[in-house]
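Here is a short report on one protein chain. Keep the sequence and the model in view as you read.

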Amino acid sequence: QVQLVESGGGLVQAGGSLRLSCAASGRIFSTFDMGWFRQAPGKVREFVAAISWIAGNTYYADSVKGRFTISRDNAKNTLYLQMNSLKPEDTALYYCATQSRHPFLNICTIEKRHYDIWGQGTQVTVSS
């Protein structure tokens, strides 16, 4: 059974930084693409960033481009999201996700339906 566990969320002032982690267990982590999504209260879950299986490709939502960086350490089975210059509108529950059907995809996908394995989320709150 594949599991994803996020950590690293918290309360931070606007302009601050946080690094989220997503620990994966239960299968060969390194062969699958992964992504970060977020969901604010009353809003639809939205794409934040994605990374291909060997980290050769990354892709970001326009709202976070230049401020957030997605990365992965396949030796540690861990996905990261470095978030800098945080804004109050970044406040949300952040989820990591992966998919179990197609290994070795050198792509970045923004579509939620591509991902069939999700973590429970970690809360990020940015105060103004």
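The largest pocket has a volume of about 160 Å³. Of the 13 residues that line this pocket, Arg38, Ala40, Lys43, Glu46 and Glu89 are the closest to its centre. The lining has 3 nonpolar, 3 polar and 7 charged residues. Here Ala, Val, Leu, Ile, Met, Phe, Trp, Tyr, Cys and Pro count as nonpolar, Asp, Glu, Lys and Arg as charged, and the others, Gly among them, as polar.

How is a pocket found? A 1 Å grid is laid over the protein atoms alone, and a pocket is an open set of points with protein on both sides within 12 Å along at least five of seven lines. A cavity, by contrast, is a set of points where a 1.4 Å probe fits but cannot get out. Lining residues have an atom within 4 Å of a point. Grid points are joined across faces, edges and corners, and the volume is the space filled by probe spheres set on the points.

The model is predicted: local features need pLDDT of at least 70, side-chain atom pairs count only at pLDDT 80 or more, and totals for chains, interfaces and linings use all residues. Residues are numbered from 1 along each chain as its sequence is written, and side-chain values use heavy atoms, with hydrogens and water left out.

**Salt bridges**

Side chains of opposite charge can pair when their charged atoms come close. A salt bridge is a side-chain nitrogen of Lys or Arg within 4 Å of a carboxyl oxygen of Asp or Glu. The whole structure holds 6 salt bridges. Three of them are listed here.

| Salt bridge | Closest N and O atoms |
|---|---|
| Glu46 and Arg38 | 2.6 Å |
| Asp62 and Lys65 | 3.1 Å |
| Arg101 and Asp116 | 3.2 Å |

The pair Arg101 and Asp116 links distant parts of the chain. Both residues lie in the loop between strand S9 (92-98) and strand S10 (117-118), 15 residues apart. Strands (E, at least two residues) and helices (H or I, at least four) are DSSP runs, numbered from the N terminus.

Which residues are linked in a network of salt bridges? They are Arg38, Glu46, Arg67 and Asp90. Arg38 and Glu46 are also among the residues closest to the centre of the largest pocket.

How accessible are the partners? Buried means under 20% relative accessible area, exposed over 50%, and partly exposed in between (1.4 Å probe, protein chains only). Arg38 is buried at 5%, while Glu46 is partly exposed at 36%. Arg101 is partly exposed at 44%. Asp116 is partly exposed at 35%.

**The sheet**

Strands of a sheet pair through backbone hydrogen bonds, either parallel or antiparallel. In this model, an open sheet of 4 strands has the order S1-S3-S8-S7, with antiparallel pairing. Strand S1 (3-7) and strand S7 (68-73) stand at the edges. Each has a single partner strand, so one side of each is left without a neighbour in the sheet. From one strand to the next, the twist averages 15°. For this angle, axes are lines fitted to C-alpha atoms (for helices over the stretch in contact), and angles run from 0 to 180 degrees between N-to-C directions.

Two strands pair if DSSP finds at least two bridges between them. S1 pairs with strand S3 (residues 18-25) over 5 bridges. There, Val5 stands opposite Ala23 in S3. Ala23 also stands opposite Thr78 in S8. S3 and S8 are joined by 6 bridges and run antiparallel.

S7 and S8 run antiparallel too, joined by 6 bridges. Phe68 stands opposite Met83 in S8. The two strands S7 and S8 form a hairpin with 4 residues between them. In its turn, Asn77 has a positive phi of about 55°.

Is strand S8 enclosed or open? Of the 6 residues of S8 (residues 78-83), 5 are buried, so the strand is largely enclosed by the rest of the structure.

**Two more residues**

Asp73 is in strand S7. Asp73 is partly exposed, at 25%. Its C-alpha atom is 8.4 Å from that of Ser30, 43 residues away along the chain. Ala50 is found in strand S5 (residues 46-51), and Ala50 is buried at 1%.
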